[in-house]
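Here is a short report on packing and backbone geometry. Please view the structure alongside the text.

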Amino acid sequence: MERCVLNLNYCADIDCIDSFIPRDCLVVTIIDAKIAEIYGKYFPTPQIRVVASENNKSLQSVESISLQLLEMGVDRSSFLLAVGGGVISDLVGFIGSIYMRGIKFAYVPTTLLAQVDAAVGGKTAVNLSGFKNILGVVNQPAFTLICPEFLNSLPKNEMLAGLSEMLKTFIIADRDNYFNFLGEVRSRQLEAKILWPFIKKCSSIKASIVEQDPFDNGVRKLLNLGHTFAHALEKITQLHHGEAVSIGIILASKLSVKLSLLQSDEELTIESDFKDLGLPVASPVKLSSLTDVMLKDKKKTGGNLDLILIESIGKAIIYSINVKDLEGLLNDLS
Ligand SMILES: NC(=O)c1ccc[n+]([C@@H]2O[C@H](COP(=O)([O-])OP(=O)(O)OC[C@H]3O[C@@H](n4cnc5c(N)ncnc54)[C@H](O)[C@@H]3O)[C@@H](O)[C@H]2O)c1
């Protein structure tokens with residue numbers, strides 16, 4: 001099988017983007033409508049504007065955008081440039097993968113979360129009747145181009161969403177950068193120039209994990225640290241994804257201590273670091289209701305669940321646990 005190599009690129013200055021645009025074909029920019037207002041002039045025309053919402057990450061959008069592409073004369077030699085956060089990259093990656101059986105596409109991510117996560121790794125998806133990410137493929141973009149300047153306009157809650165994914169990546173795989181990163185961001189504003197070296201580090205860690213396991217059968221699962229809890233929390237609360245991931249990581253840390261995998265002082269470090277950054281650490285709902293949602297389907301079939309747990313800051317593992325045992329342990333955590 002061909003080795004998977006991700007084409008990640010970094011440019012500190014928004015003016016550099018132009019040098020990455022292909023010159024020898026029709027390029028269509030599919031761009032977050034908000035981003036088009038602020039930064040649209042830096043991208044080629046024609047442009048298709050999309051409001052970045054989960055509702056628009058849909059088959060209806062796939063159909064309407066594909067029809068616009070047909071009208072513009074887009075064919076297999078053309079190129080799609082996705083500019084926006086994870087909603088836009090997931091949607092455009094999916095369209096690029098199926099339009100005329102697949103055409104080239106690339107990502108310019110504009111949220112912190114997309115720069116360190118959604119636009120790195122080749123997972124594309126749309127939602128189906130309110131069910132998230134049901135239809136999708138794994139297909140790598142021609143390139144991802146990360147530029148910190150976009151973060152200057154990103155609202156604080158969207159910054160925090162990206163921050164929890166960055167901390168997650170460092171907890172999984174890079175102890176030194178976890179502490180370096182916290183040292184830099186704890187005492188300062190979340191500014192693009194402070195984040196920049198860590199965005200590069202974090203996205204390249206994700207890329208190297210994906211290169212080892214592009215289709216999520218092994219080591220890539222580590223990137224789900226905190227997400228089993230987070231998805232359950234998102235189902236029953238109004239929490240933002242980043243907040244749910246933050247609480248999920250804390251619950252995974254506590255469970256790791258309970259299973260004697262992680263020392264309790266490491267768990268306390270993670271919890272106080274997250275609090276310092278303004279990330280939530282406690283579940284707003286009883287853990288028993290969370291457990292019910294999390295294990296709903298599994299309880300019927302019994303057997304084991306693969307959870308991502310922590311051995312130390314910088315090292316996560318895939319831990320297979322019996323569903324009944326897990327239920328007891330989680331109920332004890334509260
Ligand atoms: N494919 C993957 O591997 C992967 C991984 C994680 C998340 N996702 C998906 O990503 C989506 C979430 O993406 P997201 O968190 O990047 O958010 P998003 O794309 O929903 O954008 C969030 C908000 O920020 C605005 N915005 C974007 N960039 C901005 C900027 N520079 N300045 C000001 N406002 C800006 C958008 O208009 C929107 O209102 C979800 O649909 C999720 O399923 C995919």
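The report covers the nonpolar cores, then the backbone.

This is a predicted model: local features need pLDDT of at least 70, side-chain atom pairs count only at pLDDT 80 or more, and totals for chains, interfaces and linings use all residues. Residues are numbered from 1 along each chain as its sequence is written, and side-chain values use heavy atoms, without hydrogens or water.

**Cores.** A nonpolar core is a set of buried Ala, Val, Leu, Ile, Met, Phe, Trp, Tyr and Cys residues joined through side-chain atoms within 4.5 Å. Buried means under 20% relative accessible area, exposed over 50%, and partly exposed in between (1.4 Å probe, protein chains only). The largest core has 72 residues, and Leu195 and Phe274 have the most contacts inside it. Helix H7 (residues 192-212) gives the most, with eleven residues. Helices (H or I, at least four residues) and strands (E, at least two) are DSSP runs, numbered from the N terminus. Domain 1 (8-150) and domain 2 (156-333) both give residues to this core, so it lies between them. The domain bounds come from an automatic or database assignment. Another core, of 21 residues, lies apart from it and includes Ile30 and Val126.

**Backbone.** A cis peptide bond joins Thr45 and Pro46, with omega about 0 degrees. Pro46 lies in the loop between helix H1 (33-39) and strand E3 (47-50). Two non-glycine residues with positive phi are tabulated here.

| Residue | Phi | Loop |
|---|---|---|
| Asp216 | about 65 degrees | between H7 and H8 (227-236) |

Ser129 is exposed, at 71% relative accessibility.
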